[in-house]
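This briefing covers salt bridges, the ligand site and backbone geometry. The structure comes first, the notes after it.

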Amino acid sequence: MNKWDERYSGSEYAYGLKPNAFLVEQATLLLPENPLRVLSLGEGEGRNATYLAGLGHQVHAVDGSAVGLAKARQLATERKVIITTQVADLTDYKLDLAYDLIVMIFCHLASPVRTHIHRQILSSLNPGGLLIYQAYSPNQLKYGTGGPDQLDMLVTLEELKQNFSPMQLLHGCIREREIKEGTFHTGLAEVTEFVARK
Ligand SMILES: C[S@@+](CC[C@H](N)C(=O)[O-])C[C@H]1O[C@@H](n2cnc3c(N)ncnc32)[C@H](O)[C@@H]1O
């Protein structure tokens, strides 16, 4: 059983049932009412995918944890929304084309995998398509309130600007946030936030 399957094996939701607050802020600001084709990478147990599906979007959720995605499907049933799920390792994952929105929320990857996925995000988005991305910053190591303990897996704003150039930057910052998401993200944290349009 991998680390994530183990983390998700209880009946509680490890990152809670509420959608990520930054995602809600950005979705409220930016998403149109017409249905978008959405990809959520590293979706986990479905809190964000079911939120977006509840707004009327067609959401495909990808994660390496079969246990997490089973809970995501259960949550979708309870919330009476439809999502599709795919268990896949992002290390060699090939993104489908033509998404209108790609979401990466706290999906921390080793830097070579991150580079691979970032390249694919850039080519997979439709013209005008959006990327909503939040990750812990390197400085988060000093906060100890969640996220990986390896510097290589933490994300700088500079990296995102470089990797997603020439997308139009809509929001980009490193900031402190009080994050309370289940039992694993708890307290003041430093995050890197990035929203861009292709
Ligand atoms: C901190 S959790 C965040 C889950 C979700 N995005 C959320 O905000 O609730 C990170 C997720 O990334 C997934 N993940 C990490 N590395 C992965 C990889 N190489 N391939 C696929 N999924 C991966 C894990 O299985 C886990 O569900």
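Seven salt bridges turn up in a search of the whole structure, a salt bridge being a side-chain nitrogen of Lys or Arg within 4 Å of a carboxyl oxygen of Asp or Glu. The model is predicted: local features need pLDDT of at least 70, side-chain atom pairs count only at pLDDT 80 or more, and totals for chains, interfaces and linings use all residues. Residues are numbered from 1 along each chain as its sequence is written, and side-chain values use heavy atoms, with hydrogens and water left out.

**Salt bridge**
- R177 and E25 form a salt bridge, with 2.8 Å between the closest N and O atoms.
- R177 belongs to strand β6 (residues 168-181) and E25 to helix α2 (residues 21-30), so the pair ties together parts that are 152 residues apart in sequence.
- Helices (H or I, at least four residues) and strands (E, at least two) are DSSP runs, numbered from the N terminus.

**Ligand site**
- Among the 16 residues around the ligand, Y8, G42, R47, D63 and I105 come nearest; a residue counts as near if one of its heavy atoms lies within 4 Å.
- The shell around the ligand consists of eight nonpolar, four polar and four charged residues; Ala, Val, Leu, Ile, Met, Phe, Trp, Tyr, Cys and Pro count as nonpolar, Asp, Glu, Lys and Arg as charged, and the others, Gly among them, as polar.
- A polar side-chain atom of Y8 is 2.6 Å from an oxygen atom of the ligand.
- For N48, a side-chain N or O atom lies 3.4 Å from a ligand oxygen atom.
- A ligand nitrogen atom is 2.7 Å from a backbone N or O atom of I105.

**Backbone geometry**
- S165 and P166 are joined by a cis peptide bond, with omega about 10°.
- P166 is in the loop between α6 (157-163) and β6.
- K80, a residue other than glycine, has a positive phi near 55°.
- K80 is in the loop between α4 (66-78) and β3 (83-87).

Key: Polar contact = N/O pair within 3.5 Å; in protein donor to acceptor, adjacent residues only side chain to side chain.
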